Amino acid sequence: MFDGKKINEIKTSIDRWEKETVEKTISRFPERKEKFTTGSNAEVKRLYTPVDIKDFDYEEDLGYPGEYPYTRGVQPTMYRGRLWTMRQYAGFATAEESNERYKYLLEQGQTGLSVAFDLPTQIGYDSDHPLAEGEVGKVGVAIDSLKDMEVLFDGIPLDKVSTSMTINAPASVLLAMYIAVAEKQGVSKDKLRGTIQNDILKEYIARGTYIFPPEPSMRLITNIFEYCSREVPKWNTISISGYHVREAGSTAVQEVAFTLANGIAYVEAAINAGLDVDDFAPRLSFFFNAHNDLLEEVAKYRAARRLWARIMKERFKAKNPKSMQLKFHTQTAGSTLTAQQPDNNIIRVTIQTLAAVLGGTQSLHTNSRDEALALPTEESVRIALRTQQIVAYESGVTETVDPLAGSYYVESLTNKIEEEAIRYIEKIDELGGAPKAIEKGYIQREIQNAAYRYQMEIESGERIVVGVNKFQIEETEKKEILKVDRTVELNQKEKLARLKKERNNEEVERVLKLLKEKAETDENLMPYILDAVKAYATLGEICDVLREVFSEYEQSVIL
Amino acid sequence: MDRPIRVLVAKPGLDGHDRGAKVIARALRDAGMEVIYTGLRQTPEQIVAAAIQEDVDVVAMSILSGAHNHLFPRVVNLLKEEGVDDVLIIGGGVIPEDDIPFLLESGIEAIFTPGTSTKDVIEFIKNNLKR
Amino acid sequence: MNIEERLLKGDKRACARLITMLESNDMEAVEILKRLYKNTGNAYVIGVTGPPGAGKSTLTDKLVKELRKKDKKVGIIAIDPTSPFSGGAILGDRIRMNDLSLDKNVFIRSMGTRGSLGGMSRATWGAVKVLDIFGCDYIFIETVGVGQSEVDIVKTADTVLMVMVPNLGDDIQAIKAGIMEIADVFAINKSDLDGADKTKLEVEMNLDLNENTDYRPPVVKVSAAKNKDIDVLLEKIIEHRRHLEETNKLEERRIRNNKMELLKMVEEDLMSLILDKAVKEDLLERLARDVTLRKTDPYTAKDEILKLVVNE
């Protein structure tokens with residue numbers, strides 16, 4: 001974009017500017033800090049100029065929206081065509097309550113549902129498991145069996161909605177339940193649209209709701225890829241998540257690097273299982289965090305898009321353009337919310353929303369101001385949604401595609417994040433790929449070092465968090481919050497006990513035995529899991545059978 | 001005391017958000033304490049058993065799932081049942097303000113919510129040891 | 001009931017507290033051990049060592065479970081390094097043994113190396129005695145095989161189990177140099193990895209070099225994570241025990257170990273006695289200065305320091 005001669009001229013004039021103009025000012029008014037850094041601790045220069053992107057090649061590095069390498073966006077018209085999906089993740093204690101809520105949302109014109117499950121469900125325990133005590137219905141809906149799933153989607157036409165389910169280790173079981181409910185509604189599998197998170201690798205790294213060791217977990221995932229490419233072709237089979245990696249304290253570069261490294265592992269696993277890359281890759285989706293450092297975040301999304309496109313094309317020889325498009329959901333960073341002066345969080349979320357939108361997200365969840373305290377109240381959830389709507393309809397940033405492109409700073413940051421992410425991915429390749437790097441604790445250690453550094457920066461005052469280590473006030477005002485009461489757990493247990501009495505227990509035994517046998521072979525388990533849920537075997541029973549065969553993952557301490 | 005303070009850092013309940021627990025563990029180590037880290041998904045029974053065998057001075061627990069009202073007091077009571085009365089018990093995580101009085105009353109001696117400096121935790125431990 | 005009686009009754013809190021006291025060099029605890037020493041001698045001690053990441057804790061966990069099937073009472077001492085900068089430590093071995101926590105007949109204790117001169121071996125030997133009195137049939141001491149004091153500790157076990165993993169590369173050289181020769185049983189963990197056979201072969205070849213004894217350490221491939229061949233490994237450990245017992249070598253070995261423990265304690269106590277006095281009376285400082293200024297020679301100065309205790 002710039003010729004060498006021009007660049008040299010600019011270099012000379014920068015030197016002149018530094019000497020003649022800057023030095024004079026600094027001698028009288030020193031800068032606030034000796035070193036300026038991004039939210040991820042990358043050094044930021046005083047000024048960015050064409051020199052910082054001197055090798056920049058517009059066609060090759062950016063190209064056009066909707067075209068390789070997709071730096072500027074995966075759709076040609078982006079938000080001029082359609083705004084991003086405003087998808088608020090919400091969990092309600094029981095299937096009944098959630099069902100009511102979904103119906104209300106659908107009446108309001110929403111077409112996408114997002115299901116949050118409680119922790120016992122996410123870890124494959126029924127509500128009556130000793131470890132479930134105190135957790136039932138707390139962070140989402142409790143699902144023990146197909147019965148609960150039938151209630152959850154009662155009266156909701158599954159051929160008309162798209163459903164996103166935040167479920168990982170037991171994803172195949174919940175997907176099977178969803179398919180079974182659809183069948184009862186007379187909806188065939190090929191009409192189902194939605195997403196399961198299904199990203200086990202980041203569970204080992206950051207989120208913690210794993211059940212089985214990596215190897216059988218990867219098998220379950222490729223089973224889903226294969227089954228869905230055949231039977232449920234419109235289903236997004238995985239949402240490869242950097243969100244939780246970032247929440248665990250990673251830098252922006254690490255978020256991109258570790259997420260894409262996980263992505264590579266899934267693609268490799270599927271190819272090794274005999275799938276053609278273009279058969280499943282278009283159904284891969286991503287999930288990123290939106291943090292406070294606006295411009296670094298925008299650069300992060302752009303770098304991730306470009307890097308993934310290159311990986312898919314060059315490393316995996318994908319042919320279908322859809323295989324190269326990194327489509328992603330975004331959630332604002334929960335870890336940036338403060339318990340102190342919670343209303344300040346509204347402003348943080350606004351900045352993060354802008355980052356996601358300027359970065360070209362496909363869908364967005366905005367956090368509520370009170371989430372550092374507890375589950376959000378209805379009012380807080382509304383403000384969070386309104387934040388998205390104000391950015392969408394009032395800010396003007398949606399009117400053109402990728403408006404920050406060409407900024408010397410943003411392009412230079414985009415390049416830098418991509419380069420550093422590549423270095424991480426190379427290191428992970430050296431270690432034998434993401435699963436091995438996780439087993440060795442490499443990825444966890446990198447993240448924890450970043451997290452610890454971040455915390456120490458706050459404590460030393462090097463990094464300012466408004467209301468936490470500066471601008472504090474004495475807070476007496478009562479903060480209204482939402483609570484889930486204990487009766488949910490009791491009701492759920494009662495329902496479960498009744499189910500176990502009323503169902504055909506011989507049939508349950510038969511399907512579970514068959515599942516166990518098949519788990520010991522290499523066969524795709526989806527059809528057998530589907531049979532098991534249809535016989536009303538519970539989530540816990542199904543996962544127990546698999547635990548027996550696969551054993552359980554044991555966390556290794558890495559500090 | 002001329003021996004290092006021993007602290008059990010545990011995550012009761014099912015949530016996997018251990019960033020806080022790990023940052024604290026590291027900060028306590030850097031403050032010269034011996035930290036016994038037991039990881040995710042610990043039952044109150046396991047925490048108490050570990051606290052006894054490790055003869056710790058402090059039990060520090062973190063929960064972000066909302067199960068604190070149930071699990072924190074369980075640990076306190078189980079320790080009591082075992083006759084342990086010289087261990088300082090503290091908790092942290094996403095804990096609503098409303099719940100704090102109840103937790104303090106039930107024997108958790110301090111609750112640290114998001115935004116707490118690790119220095120405050122270290123200071124609190126040093127000033128409130130029971131033996 | 002006092003702590004002594006409680007320990008004899010198998011009270012875990014008493015056991016735990018006594019170990020704490022020994023770790024802090026509490027004389028009361030030493031007095032208690034003097035009285036209860038006659039109650040020791042029932043436990044069989046297994047030292048588990050190997051490089052970081054070899055899976056020692058997980059393997060110990062699985063071996064203990066195997067022993068629990070035989071209704072044996074087991075104690076575990078897991079040693080992790082103390083940070084030389086802060087004196088603190090993160091002791092994380094327990095994480096791989098969490099489900100043993102609740103077993104009434106298992107006692108797990110994590111210890112930091114605490115860095116002081118040999119203090120750790122003393123505390124560990126003390127803890128072994130406490131666990132012995134507590135009624136353990138088997139006691140595992142698990143530690144990374146680096147550092148002389150850690151090697152000393154492991155060496156004093158009745159059976160030393162060396163845990164290795166495939167593809168360690170240069171690490172195997174380092175370990176070979178130090179502690180290969182003290183191992184009685186080798187476990188090649190993560191047996192499903194490529195290279196497990198190669199590692200086994202390497203170890204066997206090494207053993208071929210000192211084929212001058214009546215006992216050749218067995219090399220067993222296991223997978224701790226997959227709970228594979230743990231029973232085989234335990235059988236080899238028990239075979240080693242039987243070998244020691246049948247050839248009367250157990251007693252021999254324990255005499256050797258006790259000699260080492262005694263020497264170590266005497267050495268430490270003498271040292272602290274001398275240092276205490278010499279430092280308190282500024283003798284050390286003064287003599288060091290005199291040696292530097294050539295007012296005296298180091299040999300005479302040393303004799304002068306030794307006089308501090310020899311006279312007593």
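Residues are numbered from 1 along each chain as its sequence is written, while chains are lettered from A and ligands numbered from 1 in the order in which they are written. Because the model is predicted, local features need pLDDT of at least 70 and side-chain atom pairs count only at pLDDT 80 or more, whereas totals for chains, interfaces and linings use all residues.

**Exercise 1.** Describe the overall build of chain A.

Step 1: Chain A has 22 helices and 9 strands, where helices (H or I, at least four residues) and strands (E, at least two) are DSSP runs numbered from the N terminus.

Step 2: The radius of gyration of chain A is 25 Å, close to the 24 Å that the globule rule gives for 559 residues, so chain A is as compact as a globular protein of that length; this radius is taken over C-alpha atoms, and the rule is 2.2 Å times the number of residues to the power 0.38.

Step 3: As for burial, 49% of the 559 residues of chain A count as buried, a term that requires 20 or more other C-beta atoms, placed from the backbone, within 10 Å of the residue's own.

**Exercise 2.** Examine helix α22 of chain A and its surroundings.

Step 1: Helix α22(A), residues 539–550, has 12 residues and reaches 16 Å from its first C-alpha to its last, close to the 16 Å expected at 1.5 Å a residue, the expected span being 1.5 Å times one less than the number of residues.

Step 2: The buried residues of α22(A) include A:Leu539, A:Ile542 and A:Leu546, and what covers the buried residues includes α6 (171–185) and α20 (505–519) of chain A.

Step 3: Just after α22(A), A:Ser551 takes a positive phi of about 65°.

**Exercise 3.** Work out what chain B contributes to its contacts with chain C and with chain A.

Step 1: The contact with chain C takes 25 residues from chain B and 26 residues from chain C, two residues being in contact if their C-beta atoms, placed from the backbone, lie within 7 Å.

Step 2: On the side of chain B that touches chain C, β2(B) gives the most, with 7 residues.

Step 3: β2(B) and strand β3 (residues 89–91) of chain C pair in the parallel sense over 3 bridges, pairing being counted if DSSP finds at least two bridges between two strands.

Step 4: Towards chain A, 31 residues of chain B are in contact with 33 residues of chain A, and α1(B) gives the most to this side of chain B, with 5 residues.

Methods. A residue is buried if 20 or more other C-beta atoms lie within 10 Å of its own, exposed if 12 or fewer, and partly exposed in between; C-beta atoms are placed from the backbone.
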